[in-house]
Amino acid sequence: MRARVFMGWMLACLIAGTALGQVTDATQRDFHTRVVNVYNFSPHLVTPAQQKAKASEMDSFWKDVKADPAAMLPMLRVELKNSATPRFFRYDGAALLLSMSHSPDDEQLAADSLPSADLADVTPLAYFNMVHRLAVDGADVTQAALHLLDDPKFTVTFTQQNMTLKRPMALVFLLLPLPESKWADALVTEFNKAKKDETKTTLLTAMFFAQTPQTDAVIAQAAQEGQSATVQSEAQRWVNTAASARQTKYQIKGKEPEIREARRQRAMEVSDAALSDISALTGRLVQLRKS
């Protein structure tokens, strides 16, 4: 039986998807019923014995879907768009789709499905890697990335790199491969409606790396008034970081668009070296925008 880790999987080998076909309502209903029957559980809430039994069911489901992609892929896509499917299917079904298709539409469908998953059922590393891979491929993962806000303890550890990212920088790495125009305004929206200090401080980090007039304004305002002492202190820390960056000598050449593109490229790799380069590029971006 295929080894399965309930809290998530790394992306499997991607296989080219087949063309969409017509699916009868009756066939789709049968497929939906099976999805519900297989995924009507939360991995973190069941016993090891129940996990083992469900693993066997999911193995069979994956095997059957992959055995007939022409017929099964269209139905899988329909179910991933169906908000009535179980929450764990939102993740595992997306993983199944990505194991069969690498098309932009399917990658976006997977990205759109992930925010509905329960992060308690997914290992942080598996979730991070899936979202990051989608971002690198160009899918808009803004909402999937912001889903990290639902888990205040979200931390991802990369054993081989001996590197750990806490939630704020994990969020940055998921967003930076995309143009800021796709996600900067969403950070402001989330900050304005956030109730918890830990959510706001995470968003302040991401907003600093966004480096847009809107996010700058939110950080500056938060440092002055209207926030808790914790949030105000964190905002002031980023104000001070920007001030320090303006006084630093960076051996980085290029205009603002070139620096932003260089950051996007470096964010496609997750490593200490990439983090160091991203920090330096952001500092240079602060200087360029100020001048």
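Predicted model: local features only at pLDDT ≥ 70, side-chain atom pairs only at ≥ 80, totals over all residues.
**Entry 1: Tyr127**

I started with Tyr127, which is buried, with a relative accessible area of 0%. Tyr127 sits in helix H6. Which residues does Tyr127 touch, leaving aside its neighbours within four places in sequence? I got Tyr91, Leu114, Pro115, Leu119, Val122, Ala144, His147 and Leu148. I also looked up one C-alpha separation: Tyr127 and Leu114 are 13 residues apart along the chain, and their C-alpha atoms are separated by 8.7 Å.

**Entry 2: the helix around it**

Next I looked at H6 itself. H6 covers residues 124-136, so to speak 13 residues in the run. From its first C-alpha to its last H6 reaches 18 Å, close to the 18 Å expected at 1.5 Å a residue.

Then I checked burial. How many of the 13 residues of H6 are buried? I found 10, so H6 is largely enclosed by the rest of the structure. The buried residues are Ala126, Tyr127, Phe128, Asn129, Met130, Val131, His132, Leu134, Ala135 and Val136. What covers them includes the helices H4 (87-100), H5 (104-113), H7 (142-146) and H8 (167-175), along with strands E1 (155-158) and E2 (163-166).

**Entry 3: H4 against H6**

The axes of H4 and H6 come within 12 Å and cross at roughly 45°. That angle makes H4 oblique to H6. The crossing is left-handed. On the H4 side the contact is made by Tyr91, Ala95 and Leu98, and on the H6 side by Ala126, Tyr127, Met130 and Leu134. Sorting the residues of this contact gave me seven nonpolar, no polar and no charged. Tyr91, from my Tyr127 contact list, turns up here in H4.

**Entry 4: another pair, H13 and H14**

I then moved to helix H13 (residues 256-266) and helix H14 (residues 272-290). Their axes come within 9 Å and cross at roughly 165°. H13 and H14 are therefore roughly antiparallel to each other. This crossing is left-handed.

Which residues of H13 meet H14? I listed Glu256, Ile259, Arg260, Ala262, Arg263 and Arg266. Facing them in H14 are Ala273, Ala274, Asp277, Ile278, Leu281, Thr282, Arg284, Leu285, Leu288 and Arg289. The contact of H13 with H14 divides into eight nonpolar, one polar and seven charged residues.

Technical notes:
Residues numbered from 1 in each chain as written. Heavy atoms only, no water. Helix = DSSP H or I, 4+ residues; strand = E, 2+ residues; numbered from the N terminus. Expected span 1.5 Å × (residues − 1). Buried < 20%, exposed > 50% of the residue type's maximum accessible area, 1.4 Å probe, protein only. Contact = heavy atoms within 4.5 Å. Axes fitted to C-alpha atoms, helices over the stretch in contact; angles between N-to-C directions. Parallel < 35°, antiparallel > 145°, perpendicular 65-115°, else oblique. Left-handed = near helix turned anticlockwise from the far one by under 90°. Nonpolar A, V, L, I, M, F, W, Y, C, P; charged D, E, K, R; others polar.
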